[in-house]
Amino acid sequence: MNASLHHFLIRVKEERGATMITVLFFLFCLGSLLSILLFLEQTDYLKMKMQHTADLITKGARAAGKWEYVDSNGDKQIRLFATTEEAERRDADIIRGAREEAGILWRLNRPNLEGTSDEVSVIHQKGERPYLYLQGIYHLEVKVEKNIPVFWDELFVKMNRVSQSGVYE
């Protein structure tokens with residue numbers, strides 16, 4: 001009987017070792033899944049902030065630089081001015097030029113993105129293409145670079161978001 005008890009205790013120790021390996025493997029898989037989910041949530045949150053900022057700037061720029069007038073044929077026309085100076089030359093009644101307003105809105109909203117990113121940049125009007133103003137469009141691209149921790153390392157992520165607002169009807 002003593003031999004069978006000894007055999008039973010050895011078998012229990014072997015099973016405990018196998019259980020420990022299984023538990024460690026399960027914890028590693030669970031930790032990996034959690035790390036991936038946290039990475040996805042961080043990128044989604046950053047994308048949301050970028051899109052919100054870009055939309056806010058384009059809509060504000062469009063609203064500030066928009067001028068509605070009636071042409072010589074009696075048709076209602078809408079024009080987007082880049083600068084206040086350009087609008088004054090045309091005797092347009094606007095709040096501020098679209099590019100000027102976008103610059104102000106960017107300065108006010110930039111710290112929100114810079115606080116959560118390594119590098120942030122914007123491109124207004126696809127590099128200041130004047131034909132977009134003539135079409136009544138304000139276009140903005142926000143680019144962000146950030147190191148996001150995953151597992152025991154960091155991934156370098158580059159993201160960009162585009163927003164475009166127009167004065168179309």
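Predicted model: local features only at pLDDT ≥ 70, side-chain atom pairs only at ≥ 80, totals over all residues.

Trainee: Fine. What is the strand order in the open sheet?

Mentor: The order is β3-β4-β5, three strands with antiparallel pairing. The edge strands are β3, residues 119–124, and β5, residues 153–166, and each of them pairs on one side only. On average, neighbouring strands of this sheet are turned by 15° against each other, ignoring direction.

Trainee: How many bridges join β4 to β5?

Mentor: There are 14 bridges between β5 and strand β4, which covers residues 137–150, and the two run antiparallel.

Trainee: Switching to packing. Which residues touch the most other members of the largest nonpolar core?

Mentor: M50, L113, Y138 and V142 do, in a core of 24 residues. At least two residues of this core come from each of α1 (2–65), α3, β3, β4 and β5.

Trainee: Where is the other core, and what is in it?

Mentor: The other core lies apart from that one and has five residues, including W67, F81, A92 and I94.

Trainee: Back to V142. What is V142 in contact with, leaving aside its neighbours within four places in sequence?

Mentor: With that exclusion, V142 is in contact with M50, A54, L113, S121, V122, M159, N160 and R161. M50 and L113 are also on the list of core residues that touch the most other members.

Trainee: Now T58, in helix α1. Is T58 buried or exposed?

Mentor: T58 counts as buried, because its relative accessibility is 0%.

Trainee: What does T58 contact, leaving aside neighbours within four places in sequence?

Mentor: Y138, H139, L140, S163, Q164 and S165.

Trainee: How far apart are T58 and A98?

Mentor: They are 8.5 Å apart in space, C-alpha to C-alpha, and 40 residues apart in sequence.

Trainee: Last topic, charges. How many salt bridges does a search of the whole structure find?

Mentor: The search finds eight. One of them joins the side chains of E85 and R89, at 3.3 Å from N to O.

Trainee: Where do E85 and R89 lie, and are they buried or exposed?

Mentor: Both lie in helix α2, residues 84–89, four residues apart, or about one turn of the helix. E85 counts as exposed because its relative accessibility is 53%. R89 is exposed too, with a relative accessible area of 61%.

Trainee: What about E101, which residue does it form a salt bridge with?

Mentor: E101 forms a salt bridge with R96, and the closest N and O atoms are 2.2 Å apart. E101 counts as buried because its relative accessibility is 12%, whereas R96, at 30%, counts as partly exposed.

Trainee: And in α3, how far apart are R110 and E114?

Mentor: They are four residues apart in helix α3, about one turn. R110 is partly exposed at 31%, and E114 is partly exposed at 38%. Elsewhere, salt bridges that share partners join K66, E68 and K76 into one network.

How values were computed: Residues numbered from 1 in each chain as written. Heavy atoms only, no water. Pairing = 2+ DSSP bridges. Axes fitted to C-alpha atoms, helices over the stretch in contact; angles between N-to-C directions. Core = buried A, V, L, I, M, F, W, Y, C linked by side-chain atoms within 4.5 Å. Buried < 20%, exposed > 50% of the residue type's maximum accessible area, 1.4 Å probe, protein only. Contact = heavy atoms within 4.5 Å. Salt bridge = Lys/Arg side-chain N within 4 Å of Asp/Glu carboxyl O.
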